[in-house]
Amino acid sequence: MRGLQSLCEYYAQDYHAALCFAQDGLAYANSGPQSVRLGVNGVARARGKLGDTDGVRRAVDTAYDLLARNEAPDGFPSSVSFGCYNPAQTASNAATAYVSLGMAEDVDRYVNLAMPEVTRSGSVWTRSLVLIDQAAAAVSAATGDLDRASRLADRRDRHLGRAADRGGAPTHGGTRSAGYVAMGQHASDPGGQ
C-alpha cells in the first residue's frame, strides 16, 4: 500500500511525501519482495527529484542488494503488484532517478541494463518511457546533447506510431514526456539558461 501511496505523491509532485511513504513502507517490508520496489521506485526516484545524488546512489545500491536476496520474477510483471521487481524494472527505475539529477551516463548505464528485457516484454509503453528517460538525460546533461535527444524522441515516436497502428499503445507519452519537452525547450533557449 505504501508503494502505491508513494507513487501517487510522486506524480502529484510532492516528492517529500513520496519519500516518506516509501521509507515507511520499507520499515514494514523488511527485506522482502516489496522492498525492491519501495527502494528504487519510491526512495530513489523521490530523492532524485529532491536533488540528493548520494541518496539516489544509496537507494539504487540497496535495491540491487535486496533484489539479489529475493526471487525476481520471470518476464515483466505489473509494476504495482505485491511481488518483487525484476532486474529490468529495477534498472529502468534507477535510470529515472538519475534523469532527475541530469546524470546522463548513469541513465544510459541503467537503460542499457533494462532495454533487452524491456524489448523482449513487448511492452510498447515501458519501452517508450525508457526512451523518454534516455532523451531527457541527453537534454539535461551538462553537455546538453539535443541532437541525441531528438533522435531518441523520434525513435520513441516511431515505435509508438507502429504500435498505435496495430491498436496496441497509447498515442502520447503522458506527463513524463510533456515535462521533458518543456525541459528541452528551455535548454535550447539561449535566454533560458
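Tutor: Begin with a definition: a nonpolar core is a set of buried Ala, Val, Leu, Ile, Met, Phe, Trp, Tyr and Cys residues joined through side-chain atoms within 4.5 Å. In soluble globular proteins, nonpolar side chains tend to be buried together. The model shown here is predicted.

Student: Which residues touch the most other members of the largest nonpolar core?

Tutor: The largest nonpolar core holds 38 residues, and Val40, Val60, Tyr98, Val107 and Tyr110 have contact with the most other members. At least two residues of this core come from each of helix 2 (15-29), helix 3, helix 4, helix 5 (87-100), helix 6 (104-121) and helix 7 (124-140). Beyond its neighbours within four places in sequence, Tyr98 is in contact with residues including Val56, Val60, Val107 and Tyr110.

Student: How is the packing of helix 3 and helix 4 described?

Tutor: Two packed helices are described by the angle between their axes and the distance between the axes. Here the axes of helix 3 (residues 34-49) and helix 4 (residues 53-69) cross at roughly 170° and come within 8 Å. The two helices, helix 3 and helix 4, are therefore roughly antiparallel to each other. The residues of their contact comprise 10 nonpolar, four polar and one charged.

Student: Is Arg47 buried or exposed?

Tutor: Arg47, which lies in helix 3, has a relative accessible area of 18%. Buried means under 20%, so Arg47 is buried. Its side chain makes a polar contact with the side chain of Asp52 (2.9 Å). Leaving aside neighbours within four places in sequence, the contacts of Arg47 are Leu19, Gln23, Asp52, Gly55 and Val56.

Methods. Residues numbered from 1 in each chain as written. Predicted model: local features only at pLDDT ≥ 70, side-chain atom pairs only at ≥ 80, totals over all residues. Heavy atoms only, no water. Axes fitted to C-alpha atoms, helices over the stretch in contact; angles between N-to-C directions. Helix = DSSP H or I, 4+ residues; strand = E, 2+ residues; numbered from the N terminus. Parallel < 35°, antiparallel > 145°, perpendicular 65-115°, else oblique. Nonpolar A, V, L, I, M, F, W, Y, C, P; charged D, E, K, R; others polar. Buried < 20%, exposed > 50% of the residue type's maximum accessible area, 1.4 Å probe, protein only. Polar contact = N/O pair within 3.5 Å; in protein donor to acceptor, adjacent residues only side chain to side chain. Contact = heavy atoms within 4.5 Å.
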